[in-house]
Amino acid sequence: MDIAEGLLYTKEHEWVKIEGSCARIGITSYAQELLGDITFIELPKISSELEQFKPFSSVESVKAASDIYAPLSGKVVEINNLLESQPELLNKSCYFKGWIAVIEVKNEQEKSALMDAESYKNYTKELKH
Amino acid sequence: MRLIFDKSVEGRKGLKISDSDVSVQANLPKKYQRDNPPNLPQVSELDVVRHYSNLSAMNFSVDANFYPLGSCTMKYNPKFTEMIANMAGFTDLHPLLPQLLGGGMLAQGSLEVIYKTERLLSEITGMSSFTTHPLAGAHGELTGVMIIAAYHKHAGNRRKYIIVPDSSHGTNPASAAIAGYEVIVVSTGKDGCMDIDEFKNRLNDQVAGVMLTCPNTLGIFNPRIKEIADLAHRSGALMYYDGANLNAIIGKARPGDLGFDIVHLNLHKSFAAPHGGGGPGSGPVGVKEGLVKFLPIPRIAKRNDGTFALDYNYPDSIGYIASFYGNFSVILKAYAYMVYLGKSGLIDVSEKAVLNANYLRSSLKKYFDIPYDRICMHEFVISVSKQKQKGISALDIAKYLIDNKIHPPTVYFPLIVKEAMMIEPAETESKETLDDFIRVMKDAAELSSKSPEILRCAPVSTPVGRLDEVKAAKDLNLRWHKR
């Protein structure tokens, strides 16, 4: 299982990378593996407000359609337009080229509800099915 | 196989159009006339007959082979119901007739079929009344959720949420969302049922309804269903029964007795009307006493003199949800099926459906991981996770089944099981067919270590081999272009 160090994680398998007052969001390798080949992503709109743990985007793969949940609340300031033509980047490079959006973090304290790499690793191990 | 367009030969004709014996005047304004004739294939009648006969032979159907598609109840559709539905007294009747003055008396037979179907379905499910109008399962769900909304609105109490479990059919949250509700998803506990503690935590006085299948998608009957219904009712929510899995409990348990207020059934699943391409579907909705006034109009009423008529006098009704009275021929087939089998026959249906599923489950567990392994109802879910470690996925096994003339089970659903295959044999299959399926699945499990390439290359016996699913989803191209 590929888990990047230094990021924070949600139970719904999103990662977030803190970049100063902003945060970059994507899905984890566990999520992309489970979904299989991703064929479409609905990107959030610039300036839209995300609320922690509420769905803000959705992906479709050859197997299923799935919601993506916001790891933190905040305003979308950047989106990865490349994913519209190349959704496969979510499979090939989920932690780097496959990032989904950057948000302005609204409430730093929400971070305490997220897992670090070590706890996320343990969490995914427990998910048997 | 070449398309009919590819078989076109310039100037070839399939029919001769007689000369017109009235003068033809083309008064169509120039702007509505097309510049070029339509590009239709130029073929003979024999070309057409051969083309479509050969196409139909490629079709996979339950009439030809085993079709254990989980959640879909692909049971055999007995042919006598087709004969009845093809009787001229039914097929030649115009649906507008009972809406015309005196016309109802000319459509008594069909009105009686609808009325009696509603009565039988009410008895089977423990509901007060039914509507046959919804044209398919998801349409029934939407109708049911609209009735939930009408009930709360009538009580002066608009609520915001619908609760569904994470194992629910995707149409449940979709129907709730289309009807304007926000969806609360409750996860599945270790016993394969909705986590009851999480349910209690999420339940509040803004929850309008709880949508459940019982047995659920894992084929498990929730032993705490009554407790869930009581909790929901205490907080003012209605209980909605998705009838997709009714085949497991017909004649054994009634959703109404379990505490459900609204149910939709799929006549094309549980009541042996054709399903899928052979449809159309039919998703009747039943309700308990207090909700009857919200059912769609027109309703079929039995008058004091024993005749039947349309009744529009339901001011609180949610209104029209379909043209006319539903897919009548499907309702008719289901009615004939119920009357033919009778009570004992219907009980036999659910007993054999459950027996067949458990026979497969206990035979397959030697070869596959079964995450929620316990006595199941009419279906169960295996996981290909053991084989996945060797690089073989549920998809590979599904494709291998095609080469063995078996329709693949539902794959990758429910989402809570990794590499899921959801298997529902239905009651109409013989032990020989089930044994053949077990043998093929055993071969597949063995091949995953011995010769995985056979699985990865499957299917090899079909007109086209393994399709590129990513390309098909991303670069969809369904239009024929002249080369």
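This is a predicted model: local features need pLDDT of at least 70, side-chain atom pairs count only at pLDDT 80 or more; totals for chains, interfaces and linings use all residues.
**Chain B as a whole**

In chain B there are 15 helices and 12 strands. The radius of gyration of chain B is 26 Å, which is close to the 23 Å given by the globule rule for 483 residues, so chain B is as compact as a globular protein of that length.

| Property of chain B | Value |
|---|---|
| Span of the C-alpha trace along its principal axes | about 75 × 75 × 45 Å |
| Buried share of the 483 residues | 43% |
| Share of contacts with a separation of 6 or more that join residues 24 or more positions apart | 71% |

**Two domains in chain B**

Chain B is divided into domain 1, which covers residues 79–340, and domain 2, which covers residues 349–472. The C-alpha centres of domain 1 and domain 2 of chain B lie 31 Å apart, and the two domains meet where 17 residues of domain 1 are in contact with 14 residues of domain 2. On the side of domain 1 of chain B that touches domain 2 of chain B, there are 7 nonpolar, 8 polar and 2 charged residues.

**The nonpolar cores**

The largest nonpolar core has 119 residues, and those that touch the most other members are Ile148(B), Tyr240(B), Ile262(B), Ala334(B), Val381(B), Ile397(B) and Met421(B). Helix 10 of chain B, running over residues 328–364, gives the most to this core, with 14 residues. The core draws at least three residues from each of domain 1 and domain 2 of chain B. If residues up to four places away in sequence are not counted, Ile397(B) touches Val384(B), Ile392(B), Met421(B), Ala444(B) and Leu455(B). There is also a second, separate core of 31 residues, which includes Leu7(A), Leu8(A), Ile25(A) and Tyr69(A).

**A closer look at Tyr151(B)**

Tyr151(B) is found in helix 5 of chain B, which covers residues 137–154. A residue is counted as buried when 20 or more other C-beta atoms lie within 10 Å of its own, and Tyr151(B) counts as buried because it has 23 C-beta neighbours inside 10 Å. Leaving aside residues up to four places away in sequence, Tyr151(B) touches Leu238(B), Leu291(B) and Phe294(B). Tyr151(B) and Lys190(B), in turn, are 39 residues apart in sequence and 34 Å apart in space, C-alpha to C-alpha.

**The sheet in chain A**

In chain A, 6 strands form an open sheet in the order 1-2-3-9-8-5, and their pairing is antiparallel. Strand 1 (8–9) and strand 5 (49–50) of chain A stand at the edges, each with a single partner strand, so one side of each is left without a neighbour in the sheet. In general, the strands of a sheet pair through backbone hydrogen bonds, in either a parallel or an antiparallel way. Strand 1 of chain A runs antiparallel to strand 2 (residues 14–19) of chain A, and 2 bridges join them. Tyr9(A) stands opposite Trp15(A), which belongs to strand 2 of chain A.

**Where the chains meet**

The contact between the two chains takes 6 residues from chain A and 11 residues from chain B. On the side of chain A that touches chain B, the residues divide into 2 nonpolar, 2 polar and 2 charged.

Key:
Residues are numbered from 1 along each chain as its sequence is written. Chains are lettered from A and ligands numbered from 1 in the order in which they are written. Two residues are in contact if their C-beta atoms, placed from the backbone, lie within 7 Å. Ala, Val, Leu, Ile, Met, Phe, Trp, Tyr, Cys and Pro count as nonpolar, Asp, Glu, Lys and Arg as charged, and the others, Gly among them, as polar. Domain bounds come from an automatic or database domain assignment. Helices (H or I, at least four residues) and strands (E, at least two) are DSSP runs, numbered from the N terminus. The radius of gyration is taken over C-alpha atoms; the globule rule is 2.2 Å times the number of residues to the power 0.38. A residue is buried if 20 or more other C-beta atoms lie within 10 Å of its own, exposed if 12 or fewer, and partly exposed in between; C-beta atoms are placed from the backbone. Two strands pair if DSSP finds at least two bridges between them. A nonpolar core is a set of buried Ala, Val, Leu, Ile, Met, Phe, Trp, Tyr and Cys residues joined through C-beta atoms within 7 Å.
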